Amino acid sequence: MRVKICGITKPDQGRAIAELGATSLGFICVPVSPRYVSADQIRQVVEQLPLNPQTGHLVDRIGVFANATLAEISQVVAIAGLNAVQLHGAETPEFCAQVRETLPDTEVIKALRIKTAAALQEAAAYYSHVHTLLLDAYHPGMLGGTGVTLDWQSLQQFAPACPWFLAGGLNPDNIIQALAQLQPDGIDLSSGVERSPGDKDLAQVAQLFHQLQQTQKIGVS
Ligand SMILES: O=C(O)c1ccccc1NCC(=O)[C@H](O)[C@H](O)COP(=O)(O)O
């Protein structure tokens, strides 16, 4: 299972989180966010990342955008050294397809903020235009990093035709409960493993991986 820790702002924390076992680091490229980082700041984090000793590759570097233009996204991907983009605003399936065509080596992840179970119907329109979906909680005043959990039970029938991440209010204390109900391809955490926006709590990240090891031992996938 992929484990994405989002809202990385500091090189030493990015490196430590990769070493703890994260498969993906998320960088907030949305200027109104308190976790915002510029392309140059992301590059500084990326330059400090270790290569995975097993694969010889870096962890995934995911830039999170909301309603940015294709030119803005392309520029940040090139400067920062990203290999994935997460579109967290009101991007249409057609826009996602354009991003995919323009950046063929970049994973395109569409985030859907789920207000009601009916909002899940939106997902199908994206299947053939993105590589991956991400389900996040809806908050009227914030786009992401809200700490609000989804109603996991209402997602039990969600079986998209592409891989998906579960996000929204996950933390070391509730991750086992979430994964007992759902089998996402990845999980995404931000405020549940931080001291303040953009300042990650490495002890909580370590605790998350400890909990994930427990889920394997007790057979929760
Ligand atoms: O985190 C932000 O500040 C943010 C701002 C604008 C758009 C998206 C943002 N975050 C996106 C993420 O992928 C978060 O990891 C996701 O919303 C989960 O956050 P949390 O509920 O705090 O775990």
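Strand 4 (residues 84-87) and strand 5 (residues 107-114) run parallel and are joined by 4 bridges. V85 has its bridge partner in strand 5, namely V108. The model described here is predicted.

Strand 5 also pairs with strand 6. These two strands run parallel and share 6 bridges. Within this pairing, L112 stands opposite L135 of strand 6. Strand 6 (residues 132-137) in turn joins strand 7 (residues 164-166) through 3 bridges, again in parallel. Here L134 stands opposite F165 of strand 7. Strands of a sheet pair through backbone hydrogen bonds, in either a parallel or an antiparallel manner.

A barrel is formed by 8 strands in the order 1-2-3-4-5-6-7-8, with parallel pairing. From one strand to the next, the twist averages 25°.

Strand 6 is mostly covered, with 6 of its 6 residues buried. In a regular strand, side chains alternate between the two faces of the sheet. In strand 6, T132, L134 and D136 point one way. L133, L135 and A137 point the other way. Both sets are buried, D136 as well as the leucines.

Rolling a probe the size of a water molecule over the atoms shows where empty space is left. The largest pocket has a volume of about 420 Å³. Its lining comprises 29 residues, and those closest to the pocket centre are R35, L143, G144, G145 and T146. By residue class, the lining of the largest pocket holds 12 nonpolar, 14 polar and 3 charged residues.

The second largest pocket has a volume of about 240 Å³. One part of its lining comes from A18, E19, G21 and A22. The lining also includes P50, L51, N52, P53 and T55. H57, L58 and V59 complete the list. The lining of the second largest pocket divides into 7 nonpolar, 4 polar and 1 charged.

Notes
Residues numbered from 1 in each chain as written. Predicted model: local features only at pLDDT ≥ 70, side-chain atom pairs only at ≥ 80, totals over all residues. Heavy atoms only, no water. 1 Å grid on protein atoms, 1.4 Å probe; cavity = no way out; pocket = protein on both sides within 12 Å on 5 of 7 lines; lining within 4 Å. Points joined across faces, edges and corners; volume = space filled by probe spheres on them. Nonpolar A, V, L, I, M, F, W, Y, C, P; charged D, E, K, R; others polar. Pairing = 2+ DSSP bridges. Axes fitted to C-alpha atoms, helices over the stretch in contact; angles between N-to-C directions. Buried < 20%, exposed > 50% of the residue type's maximum accessible area, 1.4 Å probe, protein only.
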